[in-house]
Amino acid sequence: MTRPTSHGGGEAGPPIAGDPSSFPVDAELSRTLVAAAKIASLSTLTAQGYPYGSVVSYAADDAGNPVVLISEMAEHTVNARGDDRVSMLIVDSASDGDPLGKARLTLVGRLEVLDDPGELRDRYIETHPYSAYYADFTDFSFWRLEVEQCRYVGGFGHMSWVSADAYRCAGVDPLWEAAAGIIEHMNDDHADANLMYAHVQAGLSDATEAAMVGIDRYGLTLRVATPAGPRMARVPFPEPLADADAAQSAVIDLLKVARAQQGHG
């Protein structure tokens with residue numbers, strides 16, 4: 001059977017308004033998702049060759065390889081010692097709604113025990129402070145998933161394979177920790193600004209409502225209500241942001257531009 005290339009029998013939804021080329025590439029989205037999440041589903045292979053799923057906590061090294069702390073008593077450890085080929089599923093749990101519309105990432109590679117975890121031990125415990133109680137138990141060891149391939153799914157119809165090199169070289173978005181707070185603030189206190197971005201920068205002049213659903217170094221993403229139905233819109237920043245501290249002024253500058261353009265409209 002040939003794999004379909006689109007949902008809904010090939011009938012495409014409305015295009016993303018504004019500038020969709022300003023979205024981060026999937027390698028960047030993958031690295032950012034790994035940095036933001038802390039829990040994953042680990043699949044190992046049993047001695048009989050069946051996939052075995054379990055839940056693990058992790059922290060990532062500088063190349064985005066997840067590091068886990070697991071017990072020799074655990075079934076996944078027994079499996080990994082017999083066959084080091086594994087996969088790890090990481091899901092964006094920050095947003096509400098249909099789980100199939102959320103971003104998720106499957107990392108494929110080999111799980112290797114770290115005889116001397118060094119700084120990675122401290123990084124893991126800082127990420128998961130409760131693990132300090134058992135991190136030095138003799139039956140626990142640190143293992144690292146050496147990523148060989150990535151499958152990123154950004155939601156319905158958005159998916160791609162990301163090479164290991166592209167994944168390692170991509171940067172984590174500098175706004176990832178601040179994004180949720182910025183989005184909440186804009187939706188609670190500045191819904192009028194979101195609507196103006198939709199009207200002016202995204203070109204949706206008939207928009208009746210707009211909510212911010214994403215922000216990153218390259219721009220912001222809106223979910224917009226129009227008489228013809230919902231639309232997604234992308235509004236880029238003039239230049240990529242270097243850090244989260246630059247977000248407030250960048251958002252304000254976009255609003256100033258929108259007001260100026262509306263005044264001349």
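Let me start with a question: is Cys-169 buried or exposed? At 70% relative accessibility, Cys-169 counts as exposed. Those words have cut-offs here: buried is under 20% relative accessible area, exposed is over 50%, and partly exposed is in between, using a 1.4 Å probe and protein chains only.

Before I go on, some housekeeping. This is a predicted model, where local features need pLDDT of at least 70 and side-chain atom pairs count only at pLDDT 80 or more, while totals for chains, interfaces and linings use all residues. Residues are numbered from 1 along each chain as its sequence is written, and side-chain values use heavy atoms, with hydrogens and water left out.

Okay, the overall picture. The chain has 265 residues, and 40% of them are buried. Its C-alpha trace spans about 70 × 50 × 30 Å along the principal axes. For secondary structure, we get seven helices and eleven strands. Those are DSSP runs numbered from the N terminus: helices are H or I with at least four residues, strands are E with at least two. And if you take the contacts with a separation of 6 or more, 62% of them involve residues 24 or more positions apart. A contact, by the way, means heavy atoms within 4.5 Å.

Back to the cysteines. Cys-150 is buried, at 0% relative accessible area, whereas Cys-169 is exposed, as I said.

Next, charges. Side chains of opposite charge can pair when their charged atoms come close. The rule for a salt bridge is a side-chain nitrogen of Lys or Arg within 4 Å of a carboxyl oxygen of Asp or Glu. That rule gives 13 salt bridges. One of them joins Arg-123 and Asp-62, at 3.0 Å from N to O. Arg-123 sits in helix H3 (residues 119-127) and Asp-62 in the loop between strand S3 (51-60) and strand S4 (66-71), so this pair ties together parts that are 61 residues apart in sequence. Asp-62 is exposed, at 65%.

Now look at Arg-121, which is partly exposed at 25%. Arg-121 makes a salt bridge with Asp-136, with the closest N and O atoms 2.8 Å apart. Asp-136 lies in the loop between H3 and strand S7 (140-155), and Arg-121 is in H3, so the two ends of this pair come from parts 15 residues apart in sequence. Asp-136 is exposed, at 57%. Arg-121 also forms a salt bridge with Asp-122, at 3.7 Å, and Asp-122 is partly exposed at 48%. Elsewhere, a network of salt bridges links Asp-61, Arg-144 and Glu-146.

On to a sheet. It's open, with four strands in the order S1-S11-S10-S9 and mixed pairing. Two strands pair if DSSP finds at least two bridges between them. Strand S1 (17-18) and strand S9 (209-216) are at the edges with a single partner strand each, so one side of each has no neighbour in the sheet. S1 runs parallel to strand S11 (residues 229-236), joined by two bridges. In S11, Arg-234 is the bridge partner of Gly-18. Helix H6 (residues 191-199) lies across S9, strand S10 (219-226) and S11, at about 85 degrees to S9. For that angle, axes are lines fitted to C-alpha atoms, for helices over the stretch in contact, and angles run from 0 to 180 degrees between N-to-C directions.

So what about the inside? A nonpolar core is a set of buried Ala, Val, Leu, Ile, Met, Phe, Trp, Tyr and Cys residues joined through side-chain atoms within 4.5 Å. The largest one has 30 residues, and Tyr-197, Ile-215 and Phe-237 are among those with the most contacts inside it. Which element gives this core its largest share? That's H7, with six residues. Ile-215 touches residues including Leu-175, Leu-220 and Val-251, leaving out those up to four places away in sequence.

Last one: Arg-217, in the loop between S9 and S10. Arg-217 counts as buried, at 18%, and its contacts include Asp-173, Phe-237 and Glu-239.
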